[in-house]
Amino acid sequence: MGRPLVVGNWKMNGSRDSAALLASSVRQQWQSCGVEVSVCPPYVHLFAVESALGGSDISWGAQDVAEWREGAYTGEVSAQMLADAGCRFAIVGHSERRQLLGESDEVVAAKFEAARGAGLVPILCVGETLEERDAGITLSVVERQVQAVLSRVGAAGLDGAVVAYEPVWAIGTGRSATPAQAQEVHAHLRKLLVAASPALAGVSLLYGGSVKAANAAELFVQPDIDGALVGGASLQAEEFLAICRAAACRV
Ligand code: PGA
């Protein structure tokens with residue numbers, strides 16, 4: 001297993017000043033203790049975050065990426081531009097984008113490939129809705145979402161990537177999956193990846209969905225949970241850092 005990883009997804013929050021302040025507070029109070037930490041601000045705050053975090057061991061990333069390389073795509077931001085802004089990660093296929101912006105499995109796979117192509121580490125988000133869970137098809141939904149990416153980039157394309165299991169019903173609801181529910185899906189994802197190639201055994205599997213300081217430790221002790229993708233709780237330095245520290249139990 002690799003280093004535990006905790007990524008903050010700031011979503012569409014904050015000003016330039018508050019982004020810089022949040023990033024520098026995290027930087028000032030963080031001692032790495034073997035855990036990798038990253039934050040994903042809105043695009044327009046990437047440079048403020050770069051100024052705050054440059055030279056530290058905390059990285060930053062983007063919440064999305066264009067599926068195209070360059071050209072006449074008004075409003076889009078390419079993977080190469082993100083790499084230029086010092087990004088290490090790009091989140092792809094977040095459920096808010098799948099649901100609110102209609103991103104299909106194929107579009108997500110194209111974004112994944114674009115991110116890889118520019119040297120970014122894609123964080124592929126997968127997860128079922130409440131209806132899908134109630135219908136008992138959770139595992140087949142996440143399987144379909146991963147398979148779309150495998151079909152596009154092959155097993156080698158997933159080597160070194162990150163997969164985040166984020167049940168849609170747990171995002172921003174305060175209702176996290178139980179550690180057992182999360183572990184079940186993570187174990188399935190691990191099996192799926194290893195079946196595609198044994199080299200994918202080390203792919204980092206993050207859990208996301210109402211992770212907070214109070215429930216982080218019980219999630220991180222699960223054998224297949226390698227870290228977390230944190231939304232709301234990443235907007236407060238203290239709370240986010242407490243989650244990052246909890247991940248040190250996996251070191
Ligand atoms: P949440 O969001 O922690 O606010 O539930 C997680 C995410 O959407 O990545």
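Colleague: Which residues are closest to the ligand, and how many surround it?
Modeller: The ligand is surrounded by 13 residues, and the closest are Lys11, His94, Glu166, Gly172 and Ser210, where a residue is near if one of its heavy atoms lies within 4 Å. This is a predicted model, in which local features need pLDDT of at least 70 and side-chain atom pairs count only at pLDDT 80 or more, while totals for chains, interfaces and linings use all residues. Residues are numbered from 1 along each chain as its sequence is written, and side-chain values use heavy atoms, with hydrogens and water left out.

Colleague: What lies 2.6 Å from an oxygen atom of the ligand?
Modeller: That is a polar backbone atom of glycine 172, and a ligand oxygen is also 2.7 Å from a polar backbone atom of serine 210. The protein covers 95% of the 280 Å² of accessible area that the ligand has on its own (Shrake-Rupley method, 1.4 Å probe).

Colleague: Changing topic, how many strands does the closed barrel have?
Modeller: The closed barrel has eight strands, running β1-β2-β3-β4-β5-β6-β7-β8 with parallel pairing, where strands are DSSP runs of E with at least two residues and a pair needs at least two bridges found by DSSP. Neighbouring strands of this sheet are turned by 25° against each other on average, direction ignored (axes are lines fitted to C-alpha atoms, with angles from 0 to 180 degrees between N-to-C directions).

Colleague: And how many bridges join β7 and β8?
Modeller: Strand β7 (residues 204-208) and strand β8 (residues 227-230) pair in the parallel sense over three bridges, and leucine 229 in β8 is the bridge partner of glycine 208.

Conventions
A polar contact is a pair of N or O atoms within 3.5 Å; within protein, one must be able to donate a hydrogen and the other to accept it, and residues adjacent in sequence count only if both atoms are side-chain atoms. Helices (H or I, at least four residues) and strands (E, at least two) are DSSP runs, numbered from the N terminus.
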